[in-house]
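Hi,

Here is the structure I promised to pass on. Have a look, and my notes follow below.

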Protein chains: 4
Amino acid sequence: MNTNIYARVVQYYETDKMGVVHHSKYFCWFEEARTDLMAKNGILYRDMEAMGVMMPVTKADCKYKKGAKYFEKVYIHTRVEKFGGAKMVFAYDVKNQEGDTLVTGSTEHCFVDDNFAPVNLKKYLPSLYEKLEGVV
Amino acid sequence: MNTNIYARVVQYYETDKMGVVHHSKYFCWFEEARTDLMAKNGILYRDMEAMGVMMPVTKADCKYKKGAKYFEKVYIHTRVEKFGGAKMVFAYDVKNQEGDTLVTGSTEHCFVDDNFAPVNLKKYLPSLYEKLEGVV
Amino acid sequence: MNTNIYARVVQYYETDKMGVVHHSKYFCWFEEARTDLMAKNGILYRDMEAMGVMMPVTKADCKYKKGAKYFEKVYIHTRVEKFGGAKMVFAYDVKNQEGDTLVTGSTEHCFVDDNFAPVNLKKYLPSLYEKLEGVV
Amino acid sequence: MNTNIYARVVQYYETDKMGVVHHSKYFCWFEEARTDLMAKNGILYRDMEAMGVMMPVTKADCKYKKGAKYFEKVYIHTRVEKFGGAKMVFAYDVKNQEGDTLVTGSTEHCFVDDNFAPVNLKKYLPSLYEKLEGVV
């Protein structure tokens, strides 16, 4: 199992008047983190789109234990939880510098073509399928 | 059961290069929708904060069936799914003009004081507890 | 001169830890406000894009006098300051319920085709040019 | 003159349906870039706030030459253009990997205390004033 760690500093514009990061922003961090995991495994989402494959989010969830604070350094631990030709699930664990978990979550994605029609990657783009399998 | 309908037009800045609303933005819409539900029942979240009670999100999830498009009018159907003195759960159903469901989701909230210490609203602020009970 | 007033409530997710609306968000409000001004004059930006014309922002500026607060109702007064076939300038004045100006700003736009090549609207789409002239 | 270069990758959630970064997002990048410039000079904005001094934006402007694209690497060149005890102006130049300027802009800030009352830093916090002077 391939766990990728993506580090990041909390920006001011990500906080809200409660003084911590707004709960919607973690889904943006998850996006950054899975893009980073894939890029480190040689798969650029930009290139996937250029090949005519998109990975829209079909489900997303998040559990909030402790709010991340401004300028805190956070570490997003990301792994592929499931992968088949039709969908892919990523799991995320956002930790602070002390190693405490602040937030956990997951996103489920399907694969679609340029017209948003679902495709089975195993048949549609076997070479990409194999590359993604290597990430699991 | 009190279902509130909150209408809204999709803004350009909420879309991403996929041409539909970015998946993180629905959590902002949910926030608008529950604030509206509460306001229509005489409870302003702004006033709750002034009374020293906050309702941070402890869990959030979303299922995406169809992406909302730019300038589409959407209707967010919101109801309180659970309410006790310690936590509150809202359920959301985002529909388009034809009545099709685009996205569903839920958010769970706890109640905390100014120092982020959890409080049981029934004891901490009985008058607010009763008001919120009226929303269920 | 056609001044359009667009009303809006400040959302929680628009505030930052300073307790007021983050300065970047006013540019999103300006976008909502000019879209509203145009729509009220029978011009849907969505339809413009469908006709192959986009209006990217070429300049934007903002002066901040007083920060808008959570759940405050704001009124964005918008007018077209300049319009020719090649570019269009909007001016904005964000006021609170008491009529005090919180923020002022402007955005300049050019017209481009699907390939982002600048076009002169007077020649490219005379019917749209005339409609937009009616807004000034 | 101290020019700081802050590098950054364009995220998917920063793009809009035009396929490039939404014009409002550059103001968030400017925020990241000036925070980075200050941090590299030993001044953490987080610590300034803890000392009771905030730097709200009083003016902001941006000129857009070319839109930044998804996953493009951008380099934000930042320098202090003006600094006195009462206000501070930063200038930004966002370049791509080829060194072409995509966007330029500036932000003006004043100094306020916890009650948002303007302060002259030279008198209010001479040690911070001197540190900031070193950045110019």
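**What I found**

Strand E2(A) and strand E2 of chain B (residues 57-64) pair in the antiparallel sense over five bridges; two strands pair if DSSP finds at least two bridges between them. Within that pairing, Cys62(A) has Ala60(B) as its bridge partner. Helices (H or I, at least four residues) and strands (E, at least two) are DSSP runs, numbered from the N terminus.

A caution before the rest: this is a predicted model, where local features need pLDDT of at least 70, side-chain atom pairs count only at pLDDT 80 or more, and totals for chains, interfaces and linings use all residues. Residues are numbered from 1 along each chain as its sequence is written, while chains are lettered from A and ligands numbered from 1 in the order in which they are written.

Back to chains A and B: 15 residues of chain A are in contact with 15 of chain B (contact is C-beta atoms, placed from the backbone, within 7 Å). E2(A) gives the most to chain A's side, with eight residues.

What about chains D and A? Their contact takes ten residues from each of chain D and chain A. On chain D's side, helix H1 (residues 25-40) of chain D has the largest share, three residues.

Finally, Val94(C) touches Tyr26(C), Trp29(C), Ala68(C), Val74(C), Ile76(C), Thr101(C), Leu102(C) and Val103(C), leaving out residues up to four places away in sequence.

Cheers

Methods
Two residues are in contact if their C-beta atoms, placed from the backbone, lie within 7 Å.
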